[in-house]
Amino acid sequence: MSEPAVQGRRRDALLLRGGTALWGDALEPRPFETLLIEGGRVVGMDVGAGDRDDPVVMDLDGAYVLPGLIDCHVHFDLAAHPAAYEHYGAGCLVRSLTAVHNGLVALTYGITAVRDLGSLDHGVIDYAAKVAGGQIVGPRVIAAGRPITTTGGHFAQYGRIADGPDAVRLAVREQIAGGARVIKLMATGGISTPGDPGASQFTLEELSVAVDEAHRRGAKVAAHAHTRDGVLTALKAGVDTIEHAAFADEETLEALVSARATLVPTVSALTPIEPGRGIPAATVEKSLRARPLYRDSTRRAIAAGVTIAAGTDAGTALNPIGGLVDELELYVALGMTPSDAVRSATVTAGRAIGGELGVLAPDRPADLVVVDENPTENLTVLRRPRHVISAGRLIDLDWSRRTVAEMREVVTGSAGTGTGGSRT
Ligand SMILES: [Zn+2]
C-alpha cells in the first residue's frame, strides 16, 4: 500500500525551514533556519541544502520539531474491543488488517515507532518487516512475536507456554527465529486474565535462561510483572524493562533504580475500564480494585527516580492505539514534569527499545513530529501533530485518516462487540 501525493514523489531530500528543534538527548529547544533530511536520516541544522537540486521544502512558520513519539508497549493485532482477546477469533485477515489500521492510526498521532509486546502469532513481525521494507506505510515496529508464559500463567490461553529452562530457551529461540527483536516474558499474573495478578510464574532459573538466550541473540527482554517477587526475580535475571509494576513496594522501586532497569507503566490502560461498557465482569472488578494502587505505584516510581519509558498497552479493552498523550498526561498528574513526560516517549523510550530512535540529531533516523508549540510546556499540542515524518518521508495525514476510516468497520466490527477500535 503506497500513498499518493507527496509520498508518491519519493524525493529523497526534505528541507524544513524556520522552526525550533528539540535537539539532542537534552531535547534542547534550538531555533533553526533550515533542517535538512536526506536518505531517511537527519543531516543537520542550518547546513543548507548543499548541491541537492530538488529537496521538498516545507515552511514551518515557527513550529516545533521533535523526535517521533515511541509507544513502548502495544498489541498491534488487537482492536481494543471490550473483550479484547475475542479479536483473536476474528481470523488472520482481520488481524492483519488490524495491524495495518493500528499503524496508520499511530502515525496520525505522531507515533513513529512502537514495541509490540505480544501477539497471537508472528503476523505483527511480518507487518514490521513490510513496513521496514517500505511496502506498507506504518511506524517502525519492534515485535516480540508470541509472549512466553507458564502453564496456567497470565495469557496462557493464547501465549507460548514454556515450563522449565530448556522449554523456555526453545520458546525464546522460536520467537527470534521468527524475527522477534524483543522477548516478552510473563513474570507474574495479570489484571486482564483470570487469577492473582501478583502470583509469580517463572523461576529465577527460567527467567535467567530466557535473558541469556535473548541477549546472546541481540534481543532485549521485557517482563510483565506487577508485584515485588515477580519484579525482583525478573531484575535478578537481568531483564531490560519491567512492564506495569502495578503493585510495587519501596524495595521493588529501589531495585528498579539500582538495576538501572526501565519501567514501562502503561498506567492509563485501566482508565477506560468501567462497568456497563461490555468488558467482562471479572476484568472490571480486578481493574477497579487495582486502579488506585497502580496509580500510586506509578506515582512513587516517578518520585523514586525510576527510569520511565512511555507505553500504553494499546489494543486492550477500550484502549485503542493513539492514547500515548493520555499516558503522558497521567505521568504529569502523578508528579512527572511535562518535559520528562516528553522524554519518556522519545529519548528514554528510544534507549529502552534499543537502537538509535528517539533523538533528533545528525545521522539519526528522520522520524519526526511537527507541532505548533513547545510540547515540553504544553503536552496537549502532541494531540494535533501538524506534520509527521517517518523515515524521512512526509506522511499524508489526511490520506492516513481516510484509510483508517475505511478500514474501521472491518477491524472493529469483527468481534461483534463494536465499540472498540479507533480514537479518531
Ligand atoms: Zn500488554
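Domain bounds here come from an automatic or database domain assignment, and for the protein chain that assignment gives domain 1 (5-67 + 359-402) and domain 2 (69-353). The structure is a predicted model, in which local features need pLDDT of at least 70 and side-chain atom pairs count only at pLDDT 80 or more, while totals for chains, interfaces and linings use all residues. Residues are numbered from 1 along each chain as its sequence is written.

The centres of domain 1 and domain 2, taken over C-alpha atoms, are separated by 29 Å. Across the boundary, 20 residues of domain 1 are in contact with 20 residues of domain 2, contact being C-beta atoms, placed from the backbone, that lie within 7 Å. Strand S5 (64-67), strand S17 (387-390) and helix H12 (397-412) each supply at least two residues of the side of domain 1 that touches domain 2, where helices (H or I, at least four residues) and strands (E, at least two) are DSSP runs numbered from the N terminus. The largest share of that side, three residues, comes from H12.

An open sheet of three strands has the order S6-S7-S8 with parallel pairing, two strands being paired if DSSP finds at least two bridges between them. Strand S6 (69-74) and strand S8 (140-143) each have a single partner strand, so one side of each is left without a neighbour in the sheet. Strand S7 (residues 111-116) is joined to S8 by four bridges, and Arg-115 stands opposite Ile-142 in S8.

Just after helix H2, Gly-110 takes a positive phi of about 80°.

How values were computed
Two residues are in contact if their C-beta atoms, placed from the backbone, lie within 7 Å.
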